Protein chains: 4
Amino acid sequence: MAKSKYEYVKSYETDDKILQNCWIIVRIDGKAFHKFTDAHNFDKPNDIRGLNLMNFAAACVMKEFNEIVLSYGQSDEYSFVFHRSANVYNRRASKMMSNVNSLFTSSYVFYWNNWFGEQKLKYPPCFDARIVLYPSDQNLKDYLSWRQADVHINNLYNTCFWNLVLNKGLTNSQAEERLRGTVSSDKNEILFTEFDINYNNLPAIFRKGTILLTKQIKIDEENRTRKMVIPIYDDLIREKFWKEHDELLEKKS
Amino acid sequence: MAKSKYEYVKSYETDDKILQNCWIIVRIDGKAFHKFTDAHNFDKPNDIRGLNLMNFAAACVMKEFNEIVLSYGQSDEYSFVFHRSANVYNRRASKMMSNVNSLFTSSYVFYWNNWFGEQKLKYPPCFDARIVLYPSDQNLKDYLSWRQADVHINNLYNTCFWNLVLNKGLTNSQAEERLRGTVSSDKNEILFTEFDINYNNLPAIFRKGTILLTKQIKIDEENRTRKMVIPIYDDLIREKFWKEHDELLEKKS
Amino acid sequence: MAKSKYEYVKSYETDDKILQNCWIIVRIDGKAFHKFTDAHNFDKPNDIRGLNLMNFAAACVMKEFNEIVLSYGQSDEYSFVFHRSANVYNRRASKMMSNVNSLFTSSYVFYWNNWFGEQKLKYPPCFDARIVLYPSDQNLKDYLSWRQADVHINNLYNTCFWNLVLNKGLTNSQAEERLRGTVSSDKNEILFTEFDINYNNLPAIFRKGTILLTKQIKIDEENRTRKMVIPIYDDLIREKFWKEHDELLEKKS
Amino acid sequence: MAKSKYEYVKSYETDDKILQNCWIIVRIDGKAFHKFTDAHNFDKPNDIRGLNLMNFAAACVMKEFNEIVLSYGQSDEYSFVFHRSANVYNRRASKMMSNVNSLFTSSYVFYWNNWFGEQKLKYPPCFDARIVLYPSDQNLKDYLSWRQADVHINNLYNTCFWNLVLNKGLTNSQAEERLRGTVSSDKNEILFTEFDINYNNLPAIFRKGTILLTKQIKIDEENRTRKMVIPIYDDLIREKFWKEHDELLEKKS
């Protein structure tokens, strides 16, 4: 039973320390969520309960890791941005990625009923995770802009698609056929003329996704504050966002 | 909203394909489980409900990934052994690690009440994960032997410790003091003379941990079989285990 | 001039330790050697001076690194096989790769005139390098077989090509055209009927490449021995080679 | 001789593409140059022939790789700075590192006699190489400042040491003893009072190392220019250097 005889195997573990001074994104993504959302009767094109649950689980992660300066979620994915100076777990990639992903998953299941009430979770959902590094502030902004542009494109399409299916009685393939080759303005037009929907008036959470930030919030009349994670449904592609929250890119010693 | 302008950021993702023809271990490990088991009143030194839940969550993972040939669990950790020929997710490390870890975590929370009944889960637990590679069959056996020797050492110690504390009224530090410098035979002797416990008669699941294997099990009188994940509480340090389950190390084309 | 202020940059170096218990191949390859061999009037299809120089430079590398158990060279490339237990430079990939490559390059230039006599080296040649890992003995044999099969295919083609060009007066494109679609037996036939060449009688160094091994060689009548690097022009694809040199795959503690 | 049977081994090569948008340093370093400089009677503390040869070999590398924006050499080491936008070899680390190192080594041997005249090179020298990444411009400046501060510290020490040994007849250990615990001002004082040397008047190449830049140089009266690699012996720790050569950090599309 001598442990020492086998202990050499520990030396096969490799060092996966992340290059310093890079922004670290941990992005998690629902596995087979098409099936999952069908099984749980999610509203189409967006289920506010599902989005709120995602946001709540992400906030749990942010409270645990105070070096996450911003998180951005849409659909069944979430991106957690660790500050370029982050040092948690000595920047070991596996540790950072697996802890974020596990805590998110765990919170998603644990808090399910807070948002879905009596509707039971039918089976355990699964999220994968990856780490991506960005050396410059501009890279980071472009990454987040990429994800937000993705929401716009997908949500506009999905809003048209599901209105055609649910409110016009088209089959899925008919709706697809109808939308083939259309550009943004065509889709806006369809929504407006056929469904009386002004796309820009739809809830921002659907159109913009959710940005989570940690802010000092005034909690009483004596100006006492508390650190809280707050959701913002803003346009982060515009420079204005970064000016309003200029602490995000600040250098930390 | 041009997505293409930002899409370059996708090229910053790196390829983390695992070297072929190596055994791949994904090991997950409970984060701060000392606190977690206290908060949930786990029996000491072993809580059979907790172990069964770990085993059940691990079985969920094995059912999802059929290239896992063996899993081994003890305490709050589990090792999943992917066959050296495994090709899931094209052997991408992040994908394999994060999916295994997330599904395990999710199942742990989802099935909690199956084992803990009325006792509620108080907060979402978290598991970290890592990947380790072993080029040879001998390395793999040594890895598993290392983990099983670890169970033996820890469990013998913990069994003494908690008997001294719970049944003799020692404080934690007194129990530690009493056990300082003792070797295995000393501890066996303490258990036998002071608590009338023959260590070798304690449940094998406590002394050996749990090995999970997928086997074709006969399910009726017509010899029909079904693939099932079964728990074994055996000594895998001995060569006998590997002879009895010689399919584990078989080459697959 | 405080060095300490800047010394943090050292921490940006990453650990590139190679997974243990894998065979390590460092393969070097001449850069733009088509141009280099033209500029130096190498004989076609093979220049024995050039091959000897390659072999000599490789032997210099083997004398420096005693954990290289075998080297294999052909044309302008050389593969150095470090034993799976090798521990030089603590298995740091950059260190191993760069030292092997630099010493090879340096020796190639330094000893040029030993083989090319009065013919001057016109400009400094360059070799690139890569590292590839092989977990099993079979992988290693297959790697070397791959390189040796490559010699056979290329050399048979080149021997035909250059005989057609140099001895039949065909242009390069005519020779290419003539050989298009031919299989091995066709090429053997061309060599035999048109040039009276029995391919199998050509020098083994051209047909098989060069294997370098370190052997204890008897150096006098009193049976004193000395470790020497010796060239072998053998067929390593056959199992016979590995039986005759069974020390190569031996386990080292 | 079927090549295809073995070709699978090629798939064991791994992708080692470097993270984009980082400055890439390839640093090469003489192996056992203490012995090498002794064997070749290098002047102490600095041999101008040796430094010129290093600089010349580095210039050969810069001419080959036009994405190297600056090189910095001192003693037996050289750092090559590839622009953060560099794309040579698709940023594959092994390719970049090995080609730079091999061409440097090759040039060092090939051009030896240009600087050492009749004095023969006795054996092939060897250089190792590593790659280090720096995400920000400030990191890059700090890296180079680190290397230049290193020159200052070493050269001041060595200048004292060798004057004590060569001109005062101290043994090596006596000289070491004499210098133990001295700070910069002490060493300047020793040089001035005992050897009538004003350290700041010594050749800049010894005190500052060599910076190589590629510049458009006017080559005739008609203002025609040619790209040339020129040596500069300047202080790159000061911001002034970076202002004078502000093209170095410019963004390239």
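Buried area is the accessible area (1.4 Å probe) that two parts lose on being put together, summed over both. The views below come from a predicted model, in which local features need pLDDT of at least 70 and side-chain atom pairs count only at pLDDT 80 or more, while totals for chains, interfaces and linings use all residues. Residues are numbered from 1 along each chain as its sequence is written, chains are lettered from A and ligands numbered from 1 in the order in which they are written, and side-chain values use heavy atoms, with hydrogens and water left out.

**View 1. The interface of chain B and chain A.** Chain B and chain A bury about 4800 Å² between them. Carbon and sulfur atoms make up 61% of that area. Contact (heavy atoms within 4.5 Å) involves 54 residues of chain B and 54 residues of chain A.

View 2. A salt bridge is a side-chain nitrogen of Lys or Arg within 4 Å of a carboxyl oxygen of Asp or Glu. Eight of them link chain B and chain A. One joins the side chains of B:Lys31 and A:Glu64, at 3.1 Å from N to O.

**View 3. The side of chain B that touches chain A.** Helix 3 (93-110), strand 4 (127-134) and helix 5 (137-168) of chain B each give two or more residues to this side. Helices (H or I, at least four residues) and strands (E, at least two) are DSSP runs, numbered from the N terminus. Helix 3 of chain B gives the most, with 13 residues. By class, this side has 28 nonpolar, 12 polar and 14 charged residues. Ala, Val, Leu, Ile, Met, Phe, Trp, Tyr, Cys and Pro count as nonpolar, Asp, Glu, Lys and Arg as charged, and the others, Gly among them, as polar.

**View 4. The interface of chain A and chain C.** Six residues of chain A are in contact with six of chain C. About 680 Å² is buried here, 49% of it from carbon and sulfur atoms. On the chain A side, A:Tyr12, A:Asp15 and A:Gln20 lose the most area to chain C, together 61% of what that side buries. Two residue pairs are in polar contact, both residues at pLDDT 80 or more. The side of chain A that touches chain C has two nonpolar, three polar and one charged residues.

**View 5. The largest cavity.** On a 1 Å grid over the protein atoms alone, a cavity is a set of points where a 1.4 Å probe fits but cannot get out, and a pocket is an open set with protein on both sides within 12 Å along at least five of seven lines; lining residues have an atom within 4 Å of a point. The largest cavity holds about 50 Å³ of space. Its lining includes A:Leu51, A:Met54, A:Tyr78 and A:Ile205. Helix 2 of chain A gives the most to this lining, with three residues.

Technical notes: Points joined across faces, edges and corners; volume = space filled by probe spheres on them. Polar contact = N/O pair within 3.5 Å; in protein donor to acceptor, adjacent residues only side chain to side chain.
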